[in-house]
Amino acid sequence: MTTTEINRSAARINFAKLAPKAFRAVIGLDAAAREGLDPTLVELVQIRSSQLNHCAYCLHMHTGDARKAGESEERLHMTAVWREAAHFFTAKEQAALALTEAVTLVADGGVPDAVYARAAEHFEERELAQLLALIFTINTWNRIALATGKVAGTDER
């Protein structure tokens, strides 16, 4: 990271401090979205969305959280190329990762029926709703971190 990039980040607002009600609402959404979902799946979804959104801050945070939860280095490395390394992931995880990509990149063509149907095969309706909420939430966090210039490795939760 260049000095200019660091200085630019330092000049950005502190969203949590300046919009505390909005920030707490996102924290509440995050907590609600995780309910009933496997913690490993939660981290995989957050990692994949952060990769797609180029959010180094969130990617650093969630790979660290995944490691602490016992996730293997192999799977962390393979998340970016999960289709080519499908054998590292369960069918349910693959369906979640495909849905994560479709929702994260929704402007590129929506959420294809086949992707949604695949997820619906592996998740009960309530769990699917929770998964969607999780995907919405990590995309929000990615945008907050990117817009406010969060620096990877600082983990300012």
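Predicted model: local features only at pLDDT ≥ 70, side-chain atom pairs only at ≥ 80, totals over all residues.
Visitor: What is the mean pLDDT of the chain, and what share of residues reach 70 or more?

Guide: The mean is 93, and 92% of residues reach 70 or more. Residues 1-7 fall below 50 in pLDDT. Beyond near neighbours in sequence, that stretch has two contacts in the model.

Visitor: How are two packed helices described?

Guide: By the angle between their axes and the distance between the axes. Take H5, residues 56-68, and H9, residues 125-147. Their axes lie 8 Å apart, at an angle of about 125 degrees.

Visitor: Which word describes how H5 and H9 lie to each other?

Guide: Oblique. Over 145 degrees would count as roughly antiparallel, and 65 to 115 as roughly perpendicular. The angle here is about 125 degrees, so H5 and H9 are oblique to each other.

Visitor: Which residues meet where H5 packs on H9?

Guide: H5 brings Tyr 57, Cys 58 and His 62. H9 brings Ile 138, Trp 141, Asn 142 and Ala 145. By class, the contact has five nonpolar residues, two polar and no charged.

Visitor: Now the cavities. How many reach 30 Å³ or more?

Guide: One. The largest cavity holds about 40 Å³ of space.

Visitor: Which residues line the largest cavity?

Guide: Pro 39, Thr 40, Glu 43, Leu 44, Ala 66, Ala 69 and Glu 71. Sorted by class, the lining has four nonpolar, one polar and two charged residues.

Visitor: Which helix gives the most to that lining?

Guide: Helix H4, residues 39-52, with four residues.

Methods:
Residues numbered from 1 in each chain as written. Heavy atoms only, no water. Axes fitted to C-alpha atoms, helices over the stretch in contact; angles between N-to-C directions. Helix = DSSP H or I, 4+ residues; strand = E, 2+ residues; numbered from the N terminus. Parallel < 35°, antiparallel > 145°, perpendicular 65-115°, else oblique. Contact = heavy atoms within 4.5 Å. Nonpolar A, V, L, I, M, F, W, Y, C, P; charged D, E, K, R; others polar. 1 Å grid on protein atoms, 1.4 Å probe; cavity = no way out; pocket = protein on both sides within 12 Å on 5 of 7 lines; lining within 4 Å. Points joined across faces, edges and corners; volume = space filled by probe spheres on them. pLDDT = per-residue confidence, 0-100.
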